[in-house]
Amino acid sequence: NVMLRIGRQKEFNYLYKLPKNHAPGTHWYHGHVHGSTALQVQGGMAGALIVDPLDAQSSLNPPGYRVQEHIIVIRAESQDELRPKAGAAADLQTAAEAELIDLKTPRELEELVNRLTDHELDQLVQSIHSLRVPNPLLTVNGQVQPVASVANDEIQRLRLINAGSRKSDFRDLWIRDHDMYLAAFDGINLTRLTRSKGQFTRYNRDNPLQLAPGNRADVFFIPKPGVTHSLMAAGRIQVESFKPQPRTPSAVGPGEPRQRARALVQELISFSSPPRAGRVSGDSPLASTPFLEALDAHLQGLQESLPAYRTGYLRPFTEEPSTTRSLTFNVTDRNMPKKRSFSINMRSFNPPPTQEIHGHHDMPGSSDYLGLKAGDGGQGPDGQSPWPPRAGTEEEWTVKNESGVRHPLHIHVSPFWITDIHENYCLDPKGQARPCDLSPKDIEYCRCNDNETKEFGSVRKYSPHDPRLDRWQDTVTLPHKGSVTFRHRFSPGLTGLYVLHCHILQHEDRGMMMNILTVPHQHRSPGDFFKDQNRENERLNRAIASGT
């Protein structure tokens, strides 16, 4: 329940009941106070949350192989962003940034965040230490470039968690001079390993694994004896006001891309494998093809054996959806220069500053609308409450992005199955299609190479085997001026109020969030159920505030 406010020096005990049909997987948690979410998460208020299987047979790890697991929480270090070093004040570009240094209370910070422009807020969260470092230092579990020892006869499983929250925290990940293979996304097993031209899809420098802020991925790789394997991360960053230092050849490792001068490339963690007696260094005792075939067969077997995938909330869709809805993510300019409004269906989730109860948003202008539903205009019977989905039903949503900025859509409680993506793509002279690249000069503009043309259309049509299709997720990137279509299943036992938002958390703090309410399947007024939920949250918030 993210609608609860745990105040300063207050306590609240959460009790989580995981049903036996809950799928095991890699997840995470973080602070979620609207208006300050970005600052709290970037300050480190986040952690891994691993749901273990009930037995060894239910594990993602295929039987017959020894597997060593690593939890890898990736975050940009920003511990001093609110307290620059002496002399750094001269580099502050706006009065708002200078004012930030003198803030004394959380209320002052929240008020400042609400009136900063998008550009100013982006400067704030990208600033590190003296505000002169253009590339934030990435950490793994709070450590800088740690080294892990791995055995030669063990498969390595990496539980990757992108705990980033900024628009520069989209990550391209790969292992230097090696391949890795994706087996689960956002904590949910793939139905089978993805293939390209008949071969298992290899993620490497030329085909990196892309994780948006909030995404998780479980990948496998087979270490080579006597070789140090480095997990690398790349992402584009645009910080025009901080006078970035020119990159030197030594800043980029051997074999890493050099053509993107503004690209951030860092080594995250190294895996050191000892030499194996009697073998040439680099000669792996484990063959990749038999392991991948075993993993692929195991994934298909889990679909038939685990209740979550066989009969539960992750079972295949077999019927047409009962309801279709549409949402639109908007970024609009206000009358004032550099002021931008972040909203969903043209409504911003920004409660009045006088409102003290977090989670009660029953007032005009708040995002208490689920979205446009055929026949009802998206509003509830009183024009105020959400028109919510019914527990036990299935729906299809199309989420459009009318802005030129990518938005990672994240929904609490209810994962979804990706059915299609509409986006720009590049078409080479031979007719081969691929997603267009982002320009290094402008992180929100996509382009094609010379002698290619840019088209717009369905990924399912131009690239039907794209690994982004036909998989479960709870966070998906909305492409520039494009859309994503997915299927929902609302579990019978999960009713109540939760949120959907952009996981660029500065955008969420500025209003790109909305309430969703799953109501019981039996006939009842959604408006009354919504009011019941708000009353219960008010009661809990008062109990927390009073210490009772």
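These legends describe close-up views of a predicted model.

**View 1. The disulfide between Cys-426 and Cys-448.** A search of the whole structure finds 1 disulfide. Cys-426 and Cys-448 are the residues joined, with an S to S distance of 2.0 Å. The pair links distant parts of the chain, the two cysteines being 22 residues apart. The link is left-handed, with -95° about the S-S bond.

**View 2. Cys-436, a buried cysteine.** The relative accessibility of Cys-436 is 13%. Cys-436 counts as buried because this value is under 20%.

**View 3. Cys-502, a buried cysteine.** Cys-502 has a relative accessible area of 0%. This value is also under the 20% cut-off, so Cys-502 is classed as buried.

**View 4. A nonpolar surface patch that includes Tyr-14.** Ile-6, Tyr-14, Tyr-16 and Leu-18 make the patch, with an area of about 440 Å². Tyr-14 is located in the segment before strand 1 (25–30). The relative accessible area of Tyr-14 is 38%.

Methods
Residues numbered from 1 in each chain as written. Predicted model: local features only at pLDDT ≥ 70, side-chain atom pairs only at ≥ 80, totals over all residues. Heavy atoms only, no water. Disulfide = S-S within 2.5 Å. Helix = DSSP H or I, 4+ residues; strand = E, 2+ residues; numbered from the N terminus. Buried < 20%, exposed > 50% of the residue type's maximum accessible area, 1.4 Å probe, protein only. Patch = residues over 30% accessible without salt bridge, like charges linked within 9 Å, V, L, I, M, F, W, Y side chains within 5 Å. Areas by Shrake-Rupley, 256 points an atom, 1.4 Å probe, with all protein chains shown as cover. Salt bridge = Lys/Arg side-chain N within 4 Å of Asp/Glu carboxyl O.
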